[in-house]
Amino acid sequence: MTFTQLWGCLLIMTAMPLLGAFVSLPQGRNHASRQLIWDMLLGLGAIALTRYFFPPHSPWELITLLALTMGRYWRRQEISLGLVWGGLLLHDWQITLTTSFIGVISLTLFRQVYLGTWAVLALVFVALGLRHGTAPGYWGAAIALGGVLGWLNQRAGSQQQLWQLFQPEYGFLNLDQPLMAAKVGQDAATLSQLKALGYPVLPGWILRPGDDLQRFLTFLEPKGDRPYMVRLSSEKPALTFHIPTESLRTSAELEAALVNGFSNADLGRQALLIQAQPSVLWSGITYSRPPLPYSRQDPLTEVARDFITPLVIGEGRFPIFYGLADPQPLGEVSAPEQPPQTLLRDVAQLSRQLEKHQGSPQAMEWCFTGEQLWILRVRPVYHLHPVWTREWIGSLLPQPLSPLSASLLETIVPGAIASLYTALWEGQENPRNITFISHHRGYSYLNRSFWERLWHRKNFNVADLQSRTGLMGLMLRHPMLCYRYLRWDWQWYGEFQGIVHRFCYPLLKTLKMIDSHPTALGLADRVHSVEQITDILELLLGFWLRGEVILWRKRLTSGLPNFLPPLPPRVQTLNQLAVDIRAQLKAEGKVGRGHREPLTRAALFAQLAELPDGDRFFERLDQWIADYSDGAALPWELAQKRWRENTGAVRQWLTDLVNQPRTAISPVALSAAQRQLQQTHLQQEEVASFYEMFLAQLRQHLLAIAQMWQKQGYLEQPDDIFWLKLSEVKTLTTDPGSQDFSQLQLKIQYRRSQLSLDQEQGAPPDIIYGQLKTKTDVSSSCSLQKLQGQAVSSGAVIGQVRFCPQGQLSTGWSANDILVTSYIHEGDLAMLPQVGGIITTQGGVLSQGASLARQHHIPMVANVAVAFDSLQPGQWVRLDGRLGQVELLDPGALSTDAN
């Protein structure tokens, strides 16, 4: 043995066990494919290192694999056949592949795991011994490695999952494994994820299309004291729902439930979730956010005794509890229906934990055995999507917008954000079809759900940008994203300047020529100019948002999240004028230390007029107004006058600065990162100045259209046009016959009155869940009687009663029909999207039928016990889902009513 081989022996005996023990991916069991590939590469590397000291196909290569395997078992009490298989591929790939293929076929046919494992190992190492047995010690090394592997395979029970393909019980997926929604349905996939995170998920198995049903029944072996329940996992929640079939105590009952669980329409594409059913004391459904507009955003829980099926389908009346720290009943609850307060608090807090983990409001079905709380199903509250937030946009648009300004933003924001999305992210989702911005009571809200879903899908964490380690990890996970972003960042300002010269300057020149001949253009020309300006605004807004993203990233990565940007040029210029005025007044004795009362605007300008060089200050102010004439305090509010139209606002601003000027700060040495941030801020101000120019032009063209309508008698004053929407303005100008101009003033008056009512409600909520608009109808003054029920789905509608007893499905429904039934069942789902409203005599707020009514925006009132007795088919009623009321209307008075 040479000296080099002696060092090789020492390395194999000492380093290889440590390599097998400590070099392993974290959480390998939850990422079996990644762990397998890693182990194979480790085995390949170990054999390659051995060949540096010994010739190929030597017995020392088998001893190396033996040392790796023993180190892995010593450290983690498991073995990795990936280590051995990867090493054997380099050792002798022909023998390894051939014998492995024969062994896999044998295991697939006979499914005898322990005997099959020994057979495969014996086959591999006998074949290797026959081929390389002439080398001294090779047979001993082969027998030792094969024997140790077989022995460890029996002792390391956790390694049986490696053979799950060949065992009957492992041939079926269960919730202990990582599952994909595309294969097993979203319900089972979500439960498997939560179970891996340690949540108390009830154990279960998945029966997929094509699985052996009889073998599955043999595996479960249902008995009288071990019942099961079956639920559809791959359902489409917007179209249907599946009632869980419970208390299946025999193989025949379980088989019937499994067979009946597949619908003919989706046969071969569904997956069933089978769970062991415990003995239940309480069960319920908890929404992490209330599905109706309650005063607080606390969890809402509906509770039933025994198991959950009646609550899911809405068969009966169930107590409701509202709150997070101390849930209280809504209405009177008898003592037998009162669950323990600790249970209500636990499920409410658990629902909030799930919402935080999933990123959106969640509906959680659960059961309680008296000792253990189990999660049965977790699903997003679809009608509470998306989540709208005032975060960030509230600082840009702090006040409610006029309908025209709001509609402008709703028109151009999707295209502007789509330019960001398509530049950075890849995917089949078309961002132009997504509503990114909406308005509630005039206030602007952004769609937070889209970005949370995108970041979760792309495994993108904003916190990674705040540290070098996280930034390096982000670059390794998303190299193409980082490359696209850097290119996008570097080219931002250059692309903006190109757009300005190619599109902005030519259009501005054309618009200024139009301004010089305002009477030469008709309505069609004005609308064409409005469309051109809107397109340019969408483009400029995209560049401005791009600049905001770049500034946000630079603040985080440079460690300057609170960096104060320089004052915009317009503010600097006006502030300098205020400083000079104050100094001059102080020199003239007009302002001094004893002068405590702030100057009013009238007093300030009266004193300026008396100064010897006061004309110079007036000239500087006029020049400032000329330079920044297109600006405004809120430039996106088209109804707000620009500074050239409202010089009084500029003068008041100047007065405020004279009273409290911004004192100049002596310049300090800026770091390179600070200088870069400062430069980007100035470039962003340049982008803002251009979109302000076009917003001013858009306002001017809209007022020109309004003046034409005023001359024709359609509007009382030009400013009324800002109470219309942009699409309405375009429709009225391009197709005047499609709308009745006589209704414009009524529409404007209604929107003005609605704004007054909205302002009485105070500040807007920071977060809103679900659609911002609900189905509404005017109230009627011809009510004969009111029936009180339970508010289930918001909205109001007037229609005719139509009975549909349980199980008697009928056809020919219309939006004027009010469905009256006992509760919503699966058979009623076909008619559900067609009806105008729903009244049930039973049911709960959180039942599946109520959830679907909210999702389809259908007003619904539940628990109207006297509905069948008090209502008549064909009778006109007004249904108010927000108040939970049903009003019986007088047909005679209704014929003369506004409806």
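Student: Across which strands does helix H10 lie, and at what angle to E2 does it run?

Tutor: Helices (H or I, at least four residues) and strands (E, at least two) are DSSP runs numbered from the N terminus. Axes are lines fitted to C-alpha atoms, for helices over the stretch in contact (heavy atoms within 4.5 Å), and angles run from 0 to 180 degrees between N-to-C directions. In this predicted model, local features need pLDDT of at least 70, side-chain atom pairs count only at pLDDT 80 or more, and totals for chains, interfaces and linings use all residues. Residues are numbered from 1 along each chain as its sequence is written, and side-chain values use heavy atoms, with hydrogens and water left out. Helix H10 (residues 213-220) lies across E2, strand E3 (228-232) and E5, at about 170 degrees to E2.

Student: In what order do the strands E1 to E5 form their sheet?

Tutor: Strands of a sheet pair through backbone hydrogen bonds, either parallel or antiparallel. Two strands count as paired if DSSP finds at least two bridges between them. Here the order is E1-E2-E5-E3-E4, an open sheet with antiparallel pairing. Strand E1 (173-174) and strand E4 (245-248) are the edges, each pairing on one side only. E2 (residues 204-207) and E5 (residues 272-276) are joined by four bridges; tryptophan 205 has isoleucine 274 in E5 as its bridge partner.

Student: Which residues of helix H26 are buried?

Tutor: An α-helix has 3.6 residues a turn, so residues three or four places apart point the same way. Buried means under 20% relative accessible area, exposed over 50%, partly exposed in between (1.4 Å probe, protein chains only). In H26 (residues 726-734), Leu726, Glu728, Val729, Leu732 and Thr733 are buried.
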